[in-house]
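Here are my notes on the model you sent. They are set out as numbered points, to be read with the structure open.

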Amino acid sequence: MPLLNSENTVVIACSMMKNEINRVFADHDLKYPIVWLEKGLHEYPEKLKEELAKRICEYNRMPYIILLYGMCGYAVTGLSADGSTLVIPKFDDCVRMLMCLNKGELIQTEAGHLYVTDEWVTSEKFLLKEFDGYIETYGKRKGQMIAKMMIGNYSGIDVIDDGTYDAPACAESIREKAESYGLTCQCVRGTLRVIEKILLGEWDEEVVVKAPGETVSMDDFDDRTRCI
């Protein structure tokens with residue numbers, strides 16, 4: 001287990017997980033520098049890959065670079081750092097990371113459900129806010145028609161209760177609008193377990209660790225905990 005400190009470790013993370021990462025930092029009095037990247041970059045994996053590569057280059061030679069992202073549409077594959085050890089959660093995305101309650105367990109997600117946290121709900125990129133934009137642009141009738149087409153196979157919105165915000169209040173704030181589009185809205189249990197173990201240097205089979213010069217590959221994620 002490496003001894004991490006503010007002199008040898010930098011964290012590069014999605015702003016979508018600010019609540020969760022800041023809570024772990026506060027609970028353990030961590031002082032590593034954090035580079036926050038724009039919310040929603042995971043929707044554009046190639047753009048995210050470019051941004052991650054740029055940041056890795058900036059902090060190359062820092063002994064440890066922790067990327068608090070999942071595989072995110074293969075955005076982390078192909079990355080490497082000549083002078084740093086790269087550390088990445090071995091999960092498809094942040095949803096799986098926040099919902100893996102116990103090591104090795106299948107993650108209990110449901111097909112057709114959109115999983116969110118408070119940071120996502122308050123983002124301008126949140127699905128229901130995009131629907132508001134359609135109505136404003138095209139009028140109520142056409143806007144709602146476009147929104148219902150965009151819903152596709154979604155049947156519910158689940159708010160991940162990871163203990164860093166008032167999840168029931170968050171769910172209640174969007175329930176009426178979600179139900180107006182035929183979507184259920186509920187809270188589901190989450191965890192900070194994976195984020196905590198990575199930030200504390202407790203790296204095991206749930207974590208990809210690439211030595212300086214080694215490239216992250218798809219094979220590194222072959223035995224990741226998957227969703228059902």
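1. Asp 29 is exposed, its relative accessible area being 53%, and the cut-off for exposed is over 50%. The model is a predicted one. Asp 29 sits in the loop that joins α1 (18-28) to β2 (34-37). Its phi is positive, about 55°, although Asp 29 is not a glycine.

2. Tyr 74 belongs to the loop between β3 (64-68) and β4 (85-89).

3. Gly 73 is partly exposed, at 45% relative accessible area. Along the chain, Gly 73 and His 42 are 31 residues apart, and 7.2 Å separates their C-alpha atoms.

4. His 42 comes up again at the largest pocket, where it is listed among the residues closest to the centre, together with Val 95, Leu 114, Tyr 115 and Trp 120. The space in this pocket is about 750 Å³. In total, 34 residues line the largest pocket. Which elements give two or more residues to that lining? They are α3 (94-99), β5 (113-116) and α5 (127-138).

5. By residue class, the lining of the largest pocket has 21 nonpolar residues, six polar and seven charged.

6. Helix α2 covers residues 45-59, which is 15 residues. From its first C-alpha to its last, α2 reaches 21 Å, close to the 21 Å expected at 1.5 Å a residue. Which residues of α2 are buried? They are Leu 48, Lys 49, Leu 52 and Ile 56. These residues cover an arc of only 100° around the axis, so they are on the same side of α2. Note that Lys 49 is in this buried set.

7. The cover over the buried residues of α2 includes β1 (9-14), β2, β3 and β4. The face of α2 turned away from the buried side carries Glu 46, Glu 50 and Cys 57, which are exposed. After α2 comes Arg 61, with a positive phi near 90°.

8. Helix α6, residues 140-151, has 12 residues. Its reach from first C-alpha to last is 16 Å, close to the 16 Å expected at 1.5 Å a residue. The buried residues in α6 are Gly 143, Ala 147 and Ile 151. Why do the buried residues of α6 line one face of the helix? Seen down the axis, they fall within an arc of 80°, so one face holds them.

9. What covers the buried residues of α6 includes α5, an element that also gives two or more residues to the lining of the largest pocket. On the other side of α6, Arg 141 and Met 149 are exposed. Gly 152 follows α6 and has a positive phi, near 55°.

Conventions. Residues numbered from 1 in each chain as written. Predicted model: local features only at pLDDT ≥ 70, side-chain atom pairs only at ≥ 80, totals over all residues. Heavy atoms only, no water. 1 Å grid on protein atoms, 1.4 Å probe; cavity = no way out; pocket = protein on both sides within 12 Å on 5 of 7 lines; lining within 4 Å. Points joined across faces, edges and corners; volume = space filled by probe spheres on them. Helix = DSSP H or I, 4+ residues; strand = E, 2+ residues; numbered from the N terminus. Nonpolar A, V, L, I, M, F, W, Y, C, P; charged D, E, K, R; others polar. Expected span 1.5 Å × (residues − 1). Buried < 20%, exposed > 50% of the residue type's maximum accessible area, 1.4 Å probe, protein only. Arc of directions from axis to C-beta. Contact = heavy atoms within 4.5 Å.
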